[in-house]
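I opened the model to look up a pocket and some backbone angles. My notes follow the structure.

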Amino acid sequence: MIAWKPFTHEGASYDLSHLHPFVHTFEQAEQVGKPARSYPVQVIFSLHCFTRGADGVEDPKGPLGYADSRETRIFDFGRYAQSRQLPEIVRALPTSPCYHTNHGNFFTVRLLNPATGQEDTYEVYFTASRSSSKAVPLNLFVQSAYVRDRLHANRPSRKKIGFFVILHNILNGRPIKVPK
């Protein structure tokens, strides 16, 4: 599993341990005609949660470069600060609106800074899959998370889906249909 190394820049160290993988069990309450269910899930965070693509001027191999085994991107101090909320956002997915992207993944939206009157739209994109572990049969991979801004203007249409529908269908090998 991915254990992110701290990022160091100009003598300051940025701890990324809040984005280390963890297991969380999502509890679905009993409903009429349906028993309560538990879904143990391995939560994994991508490099895209705290980095961004180079803008064409920056060198990803320069002092702000951060790499995993697949790519090198630019450490983004804003995304890093926002990423501190990601474990809490993931744990709250059962009570958060989730949406299809029409590309096999899902997203949720959180408003940041409402107390200051500045409501930034923070979007968190994720996939779910079966794991090879019987003890923790599901994976949730947080692919990316960022504040919607002029550079991210192409938001997917919002077609709601319940988080437990996602987990149940993935666990049981059922397709997840995108509403028309």
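The model is predicted, so I kept to its cut-offs: local features need pLDDT of at least 70, side-chain atom pairs count only at pLDDT 80 or more, and totals for chains, interfaces and linings use all residues. Residues are numbered from 1 along each chain as its sequence is written, and side-chain values use heavy atoms, without hydrogens and water.

Entry 1, the pocket. I looked up the second largest pocket and found about 170 Å³ of space in it. A pocket here is an open set of points on a 1 Å grid over the protein atoms alone, where a 1.4 Å probe fits, with protein on both sides within 12 Å along at least five of seven lines; lining residues have an atom within 4 Å of a point. I noted the lining residues, among them Gln28, Lys34, Tyr39, Phe164 and His168. Two or more lining residues come from each of β4 (37-45) and α3 (163-171). Helices (H or I, at least four residues) and strands (E, at least two) are DSSP runs, numbered from the N terminus. α3 gives the most, with four residues.

Most residues other than glycine have a negative phi. I found a positive phi, near 50°, at Glu10, in the loop between β1 (7-9) and β2 (12-14). Glu10 counts as exposed because its relative accessibility is 74% (exposed is over 50%, buried under 20%, partly exposed in between, with a 1.4 Å probe and protein chains only). Asn102 has a positive phi near 75° and is in the loop between β8 (98-100) and β9 (106-112). I recorded Asn102 as partly exposed, at 40%.

Notes:
Grid points are joined across faces, edges and corners, and a volume is the space filled by probe spheres set on the points.
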